[in-house]
Amino acid sequence: MIRNAWHFYYALRLVFKVVCGSFGIALLTYMVSPCFASQQCD
């Protein structure tokens, strides 16, 4: 049971890392090129 909890914690931490990484990349892209992110370029 402890082993299952450890695997659950590891998976949860991995998912959290992936979500934070994706959000960080999206935020970085928005800050670098807000024109591209908002899609209001002429």
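In which helix does Val18 lie?

## Model and fold

Val18 lies in helix α1, which spans residues 2-32. This is a predicted model, in which local features need pLDDT of at least 70 and side-chain atom pairs count only at pLDDT 80 or more, while totals for chains, interfaces and linings use all residues. Residues are numbered from 1 along each chain as its sequence is written, and side-chain values use heavy atoms, leaving out hydrogens and water.

The protein chain has two helices and zero strands; helices (H or I, at least four residues) and strands (E, at least two) are DSSP runs numbered from the N terminus.

## Exposure

Of the 42 residues in the protein chain, 0% are buried. Buried means under 20% relative accessible area, exposed over 50%, and partly exposed in between (1.4 Å probe, protein chains only). Trp6 is exposed at 53%, whereas Tyr10 at 42% and Val18 at 48% are partly exposed.

## An aromatic pair

One aromatic pair is counted. The ring centres of Trp6 and Tyr10 are 5.7 Å apart and their planes lie at 15°, so the pair is stacked. Rings of Phe, Tyr and Trp (its six-membered ring) pair if their centres lie within 6.5 Å; planes under 30 degrees apart count as stacked, over 60 as edge-to-face and the rest as tilted. Both Trp6 and Tyr10 belong to helix α1, four residues apart, about one turn of the helix.
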